[in-house]
Amino acid sequence: MCGFPAILVICSLPLYVGVIPVSYHSLTVAMVMLAYQHALRYGWAERNPIREVRQSAKRQQEPDVLTPEEVRALFRTIPGYARVMVVVAAVTGLRRGELVGLKWEDIDFHNGKLHVRRSLVDQKEGLPKTQLSKKPGALEGALAFTLKEWSQQTSYSKPSDWVFASPYRAGRTPYWPGTVLEKVIQPAAREAGITKTIGWQPFGARLQHTLWRMESQ
């Protein structure tokens, strides 16, 4: 039974895997997933059980690679924290949970190392999965410069602070990556006239060579 008002109506929808059409099933799962995401955000629920519903692993649409001109146009329209998130995701190839799971104590400017020690899913801490979790990655070039600059701009720069601490929660939690993508980055891309598909994964990895080209120009 539902524990919060926001999804009382949605909870009445049938959810019979293997019985209802795939398109209707996917839509229902997406709606309930979104409702639980909001519930977690406001403390109305402790977990998102919809993540346990098995779905097709096939990606319906692959993100596109942005040109240097499109990246510049995008960077002109998004706020600083989102710009830093895009750069870090692109250069490191981190999953979005690992991206927002970074703390300043993980960034070793002196020795030029970046440690990945945790991953956040729905603000719940877990173990990371990328190669950088096994050994620290190099912190150099555009990545080092961008993070150093951000550490001087953010209000939350203590070692124990989240690198992408949200001011809406007084820095207690990082930004929600899905919200940043849907409410900030994608609308900014449309405003900049970019019609390509943009998503965190593998948006970052596909943007990496574009940033390298920009850095060499």
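In the predicted model, V180 is in contact (heavy atoms within 4.5 Å) with Y81, A82, M85, Y175, I185 and W200, its neighbours within four places in sequence being left aside. Residues are numbered from 1 along each chain as its sequence is written. Local features need pLDDT of at least 70, side-chain atom pairs count only at pLDDT 80 or more, totals for chains, interfaces and linings use all residues, and side-chain values use heavy atoms, with hydrogens and water left out.

V180 also belongs, with L147, F164, I185 and W200, to the residues that have the most contacts inside the largest nonpolar core, a set of 42 residues. Such a core consists of buried Ala, Val, Leu, Ile, Met, Phe, Trp, Tyr and Cys residues joined through side-chain atoms within 4.5 Å; buried denotes under 20% relative accessible area, exposed over 50%, and partly exposed the range in between (1.4 Å probe, protein chains only). Two or more residues of this core are given by each of α2 (68–77), α3 (80–92), α4 (96–100), α5 (141–153) and α6 (177–191). Helices (H or I, at least four residues) and strands (E, at least two) are DSSP runs, numbered from the N terminus. Helix α3 supplies the largest share of the core, eight residues.

In α6, the buried residues are P177, G178, V180, L181, V184, I185, A188 and A189. A kink of about 30° lies at I185, shortly before the proline P187, the bend being the angle between axes fitted to the seven residues ending there and the seven starting there. The end C-alpha atoms of α6 are 20 Å apart, which agrees with the 21 Å that its 15 residues should span at 1.5 Å a residue; the expected span is 1.5 Å times one less than the number of residues. Just after α6, G193 takes a positive phi of about 85°.

In α5, residues L143, A144, T146, L147, W150 and S151 are buried. These buried residues line one face of the helix, because they fall within an arc of 170° seen down its axis, the arc being that of the directions from the helix axis to the C-beta atoms. The face turned away from the buried side carries the exposed residues F145 and Q152. Cover for the buried residues of α5 includes α3, β1, β2 (113–114) and β5 (137–138). T146, with a relative accessible area of 14%, is in contact with V84 and V87, leaving aside neighbours within four places in sequence.

The chain averages a pLDDT (the predictor's confidence in each residue, from 0 to 100) of 75, and 62% of the residues score at least 70.
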